[in-house]
2 protein chains.
Amino acid sequence: MLDIMSVTLINPFEVPPGREEDAVAYWERCADVLRRQPGFISAHLHRAIMPGARFALVNVAEWESAEHFQSAVSTSEFQAAATTGASDFPHFPAMYDLVRTIP
Amino acid sequence: MLDIMSVTLINPFEVPPGREEDAVAYWERCADVLRRQPGFISAHLHRAIMPGARFALVNVAEWESAEHFQSAVSTSEFQAAATTGASDFPHFPAMYDLVRTIP
C-alpha cells in the first residue's frame with residue numbers, strides 16, 4: 001500500500017442516519033469506474049465501528065500520481081456515476097503524501 | 001496494515017493556514033505516548049499534497065482493538081500530551097473496519 005511511487009487519496013464521507021447502505025452503493029458505483037482508469041492501484045473503504053462518527057465512511061486509495069487521479073475523475077464516465085449521490089453524502093477527497101510513520 | 005485482528009483509527013485534522021508544522025508537532029507529542037500503549041500496532045501520518053485541503057493532515061493507525069485505543073487515550077499521560085493543541089487543530093478520530101477492498 002505504501003509504495004514510494006504512489007500517492008494516497010483519503011476521502012471521508014458524511015452519511016445521514018440510515019443512509020449507510022446507499023452511501024456504500026454510491027462509493028461502489030464510483031469505484032467501478034475508477035478502478036479501470038490508468039494509474040489506479042487499490043482502494044479500501046472503511047466503515048466506522050461506532051454509530052455517530054462524524055465520517056461514517058472513509059475511502060483510502062492508492063494512485064500512481066495525483067495527475068492520474070485528476071484525469072480519472074475528469075472523465076465523463078466518472079462524472080455520470082458520481083453525480084447522483086454527491087450532494088447526499090458530502091465528502092472531502094484529497095491526495096496525500098506519507099510524512100511520518102511508526103514504527 | 002490490514003490484519004483481520006486489528007481495527008483502523010482514521011483521524012482527519014483541520015489545520016489553520018501556516019500552522020502545519022505545529023500540527024505535526026502536536027501529532028508527534030500524542031503519538032509518542034500512544035506508541036507505548038498496549039495494543040498499538042502502527043501509525044501513518046499523511047499530509048495533503050495541495051494547499052487548501054479541508055483536512056491538511058490525516059492519521060491512519062492500526063490498533064489491536066477499539067478497546068485498546070480507548071484505554072490508551074484515557075491515560076493521564078495521553079491527556080496531558082493532547083490537551084495543548086486539541087482546540088487549535090480540530091480533529092475527528094474514529095475507529096473503522098474494512099468493508100470493501102479493490103482489487
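Author: The model is predicted, and a search of the whole structure finds eleven aromatic pairs over all chains. In one of them, the ring centres of Phe55(A) and Phe55(B) lie 5.5 Å apart with the planes at 85°, so the pair is edge-to-face; planes over 60 degrees apart fall in that class. Phe55(A) belongs to the loop between β2 (40-48) and β3 (57-63) of chain A, and Phe55(B) to the loop between β2 (40-48) and β3 (57-63) of chain B, so this pair joins two chains. Phe55(A) has 1% relative accessibility and therefore counts as buried. Phe55(B), at 1% relative accessibility, counts as buried as well.

A further pair is formed by Tyr26(B) and Phe89(B), with 6.0 Å from centre to centre and 40° between the planes, a tilted arrangement. Tyr26(B) is located in helix α1 of chain B, whereas Phe89(B) is in the loop between α3 and β4 (94-102) of chain B, so the pair ties together parts that are 63 residues apart in sequence. Both Tyr26(B) and Phe89(B) are buried.

Returning to Phe55, one aromatic cluster is made up of Phe55(A), Phe92(A), Phe55(B) and Phe92(B).

Terms used
Residues numbered from 1 in each chain as written. Chains lettered and ligands numbered in written order. Predicted model: local features only at pLDDT ≥ 70, side-chain atom pairs only at ≥ 80, totals over all residues. Heavy atoms only, no water. Phe/Tyr/Trp six-rings, centres within 6.5 Å; stacked < 30°, edge-to-face > 60°. Helix = DSSP H or I, 4+ residues; strand = E, 2+ residues; numbered from the N terminus. Buried < 20%, exposed > 50% of the residue type's maximum accessible area, 1.4 Å probe, protein only.
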